[in-house]
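User: I am new to this structure and would like to learn how to read it. Please take me through a few features, one at a time.

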Amino acid sequence: MAFFEMTRLALKWAVTRPATSRYPFEPRRPMPGSRGRLLFTRDSCVYCTVCAKKCPTGALSVVRSQKKWGIDRLLCITCGYCVEACPKKSLSLETEHGTPTVTKDRETW
Amino acid sequence: MSRTIIPFGPQHPVLPEPVHLDLVVEDEKVVEARPSIGFVHRGLEKLVERKDYQEFVYVAERVCGICSFIHGQTYCQAIEAIMQIKVPERALYLRTIWGELSRIHSHLLWLGLTADAVGFESLFMHAWRIREKVLNIIEATTGGRVIFGSCKIGGVRRDISAEQQQQMRKVLSEIEVDLQEVTKVFLKDSSIQARLCGVGVLSSADAHDLGCVGPMARASGLSTDMRRLGYAAFKDLHIEPVVKTEGDSYARCAVRCLELFQSIDLIRQALDKLPEGELAAKVTGNPNGEVMARTEQPRGEVVYGIKANGSKNLQRFRVRTPTFANLPAMVKLLQGCDLADVPVVVLTIDPCISCTER
């Protein structure tokens, strides 16, 4: 039985810098390897549709005849399976999450 | 004495997850508890018919938001057993390291919630402050904070570089010092003891008969730990289950506190022995056969039953999660306890309802 176990911890933290950051004044920076927003590089894409077939949530759509690549940001779970599968390395994951998606439109390139 | 039925949950301040209990009380004593679940059923077991067996790793990881990695790992182990894939040693060690990190973060989450449930807000903040450091290690090595996404059939997706290993050792030493301070409060402070000691006592025989798993069983004196089966890298690591014999809420709290240090020790052992080599084996063809896989999650033993018929979609997929195994014991513990102790008793089984309902 002890009554003052917490007091020691509380006193220590009363004079220590806060463990929390002052968000949103100090934005949180993601770690170097974080999985964030999916990035598409149009120049190297050959529209092979592998990414769309592999995507576990069906967020990607590729139309080879029209050379269109599209993503539904609300469905994407940033798992990185498409990045792994892409034969031309046209896809990559940013570390930042990017801006919030506010419309249900499919982004197409 | 007239009986009253008091509904508890599905939304309740101490419970972050939806389980409903009809508490039949006489005066202030609970005489019967009737649980009902099914509020967050997602039908993940049915989803095997639509997702192919490789994509399903992502679904398996999402069975639970806390022990996500070990769910993915168990699923991969099951498929690897059916397809007889030899997983590279380095991948097995990395899986072990991530599995133990997820155990530390799950136990710290539970300790925080318990402190909050007994009304100890500042201790809750301290437990979660330490948890944040663990989540940062996880994010740096896997890319996600709770959904790791680093396990795949045949191995792992990411490596832990020498620099990251060095950083991980440094942070683990810091965490160990912090944990010693915080767990001392959990184990010695009189207000915590007054709330947990002697509350919800489960005897060893009852724990065995009701099929308890994990820290719940270990706190009642049953030395069960699936890690001793030697899956992943546990075959090469020294592991001694943390066992307490009191069987009350305090013992369950103590088991989890001590398991934190055990996990840190296991990560250090795994980092010392981490072999060089490939990260993943090549996977070809489709699974055909039936298999059971068992691993130790933060909450106890999880069992995966998988049946495949040679097509890319599995035929049957079944998960028995640890909380499901611990629910009968919880109902037993609630009989005869005070109404004011109900939140503590419910919380000490570490309920993960989204796991249970899949």
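Analyst: Start with confidence: pLDDT is the predictor's confidence in each residue, from 0 to 100. This is a predicted model. Where pLDDT is low, the predicted coordinates should not be read in detail.

User: Where in chain A is confidence lowest, and where is it highest?

Analyst: The lowest confidence in chain A falls in strand β5 (residues 107-108), with a mean of 78. Strand β2 (residues 60-63) of chain A has the highest, at 89. The average pLDDT of chain A is 85, and 99% of its residues score at least 70.

User: How do strands β6 and β7 of chain B run, parallel or antiparallel?

Analyst: In a regular strand the side chains alternate between the two faces of the sheet. In chain B, β6 (residues 288-297) and β7 (residues 300-309) run antiparallel, joined by ten bridges. They form a hairpin, with two residues between the strands. Within this pairing, B:Gly289 stands opposite B:Ala308.

User: Why does B:Leu279 count as partly exposed?

Analyst: A residue is buried if 20 or more other C-beta atoms lie within 10 Å of its own, and exposed if 12 or fewer do. B:Leu279 has 17 C-beta neighbours inside 10 Å, so it counts as partly exposed. B:Leu279 sits in the loop between α9 (249-273) and β6 of chain B.

User: Which residues does B:Leu279 touch, leaving out those up to four places away in sequence?

Analyst: Among them are B:Pro88, B:Ala91 and B:Val156. B:Ala91 is 188 residues from B:Leu279 along the chain, yet their C-alpha atoms are separated by 5.2 Å.

How values were computed
Residues numbered from 1 in each chain as written. Chains lettered and ligands numbered in written order. Predicted model: local features only at pLDDT ≥ 70, side-chain atom pairs only at ≥ 80, totals over all residues. Helix = DSSP H or I, 4+ residues; strand = E, 2+ residues; numbered from the N terminus. Pairing = 2+ DSSP bridges. Contact = placed C-beta atoms within 7 Å.
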